[in-house]
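Visitor: Could you walk me through this structure, one question at a time?

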Amino acid sequence: MSSNGKNGKKGSIRSGVAVVSGPDGSSTNGLLRVGVVGYGYWGPNIVRNLHALDGVRVVRVCDKCPKALQRLKKTYPSVSVTEDVHELLTATDIDAIAIVTPVRTHHGLARAALENGKHVFVEKPFTSTTAQAEELIELAERKNLTLMVDHTFLFTGAVRKIRQLMEEGVLGDLYYYDSTRVNLGLFQHDVNVIWDLAPHDLSIMDYLIQGRAEAVVATGASHLNGFEDVAFITVYFPRNVIAHINVNWLSPVKVRTTLIGGEKKMLVWNDLEADEKIKVYDKGVEVTNQQGIYNLLVSYRSGDMWAPQIECTEALEVELDYFVDCVTRQKKPVNDGEAGLRVVRMLEAANQSLLQKGACLKL
Ligand SMILES: NC(=O)c1ccc[n+]([C@@H]2O[C@H](COP(=O)([O-])OP(=O)(O)OC[C@H]3O[C@@H](n4cnc5c(N)ncnc54)[C@H](O)[C@@H]3O)[C@@H](O)[C@H]2O)c1
């Protein structure tokens, strides 16, 4: 994973990198020229971080809503704007397109961008169906273009630290991943709470847990606008690892807490904590005698707790820098189309399971 511009490493990432060629074959002097479609809630974060990167020029931003473009112009007067997405998709002075629109539009926009020879950075969830995701992966491969899905959390200091702890064997064999991601709103108009909030945990689980998810069970209910606003998802992984996600738009308080339990240690990740987001507990359970069920002796270990230091660089800055690096060096991103597809597959299964009142669906 590449580092950010502020710690001075960014220049070295791309030093000596071949000059980027535009879709028209023109030289761009190493600058990646990016267009962004969608400047609603999340788009400004994408534009702000792209704008701050040394190797990027935000050439044009498209939104069908004129008010959104007026907001953009106030902050970035030099960036050109358009309400016509085709102007962006077919522009010869743009190498890559960031798609920051609702999920129902991702497939059509990403396909058009790839067909026009643009690299694509697309928001989570990647697509509305696995078939759409598979089509985009095939198209990007055929055109030799980078396709990256915004799985922002993989680039947070917290998730990177958890992955490091797991790789170093600090937690031991993994037992479970249990996340609560609840708040009041923001109600979405086109997707339920699973498609809105669960992609975060599903992408984190896909990144942290060894092996691919094997089965999904989900339950949930809708109370207000016809879309499920409360849902509970269980995902089964190989080696007896179980994951659970609680997503809810009707919670009186905002909670972003994940418990990860291993054979050797357990950790609590509270993403709302300013400091000490991760606490590692030297706690565990050992079965010391297995001669028949009545002789089972269980001993509990309760040792120290420590809070590892984690990097606090904005995840999107790290991720977008990594996107530029993947494009210029033709590297396969960890959050590529395949990673996006695995998340969409779990989302689809969760939705199906929910409709069948918690049927266990194999992936
Ligand atoms: N990675 C994250 O943490 C994160 C956080 C929030 C949202 N998102 C994702 O970002 C995407 C956008 O979410 P949002 O909350 O910003 O939505 P939003 O509705 O606030 O904004 C979307 C914008 O896209 C514009 N738009 C839609 N279709 C268009 C088209 N065909 N051409 C031009 N403009 C178009 C709309 O006018 C609107 O301004 C979603 O996929 C969402 O899941 C990701």
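Guide: We can begin with one pair of residues. In β6, Val149 is the bridge partner of Val122. This is a predicted model, in which local features need pLDDT of at least 70 and side-chain atom pairs count only at pLDDT 80 or more, while totals for chains, interfaces and linings use all residues. Residues are numbered from 1 along each chain as its sequence is written.

Visitor: Over how many bridges do β5 and β6 pair?
Guide: Helices (H or I, at least four residues) and strands (E, at least two) are DSSP runs, numbered from the N terminus, and two strands pair if DSSP finds at least two bridges between them. Strand β5 covers residues 119–123, and its pairing with β6 is in the parallel sense. The number of bridges between β5 and β6 is four.

Visitor: Why is one side of β3 and of β6 left without a neighbour in the sheet?
Guide: The sheet is open and has six strands with parallel pairing, in the order β3-β2-β1-β4-β5-β6. β3 (80–82) and β6 (147–150) stand at its edges, so each of them has a single partner strand.

Visitor: Which helix packs on the sheet, touching β1, β4 and β5?
Guide: Contact here is counted between two residues whose C-beta atoms, placed from the backbone, lie within 7 Å. Axes are lines fitted to C-alpha atoms, for helices over the stretch in contact, and angles run from 0 to 180 degrees between N-to-C directions. The helix in question spans residues 103–115, its direction makes about 170° with that of β5, and its name is α5.

Visitor: Are α6 and α10 roughly parallel or roughly antiparallel to each other?
Guide: Helix α6 (residues 130–143) and helix α10 (residues 337–355) pack with their axes 9 Å apart, at an angle of about 175°. Angles under 35 degrees count as roughly parallel, over 145 as roughly antiparallel, 65 to 115 as roughly perpendicular and the rest as oblique. The two helices, α6 and α10, are therefore roughly antiparallel.

Visitor: What distance separates the centres of domain 1 and domain 2?
Guide: Domain bounds come from an automatic or database domain assignment, which gives domain 1 as 10–151 + 315–335 and domain 2 as 154–312 + 345–362. Taken over C-alpha atoms, the centres of domain 1 and domain 2 are separated by 30 Å.

Visitor: Which helix gives the most to the side of domain 1 that touches domain 2?
Guide: The contact takes 13 residues from domain 1 and eleven residues from domain 2. On the side of domain 1, α5 and α9 (315–329) each supply at least two residues. The helix that gives the most, with three residues, is α9.
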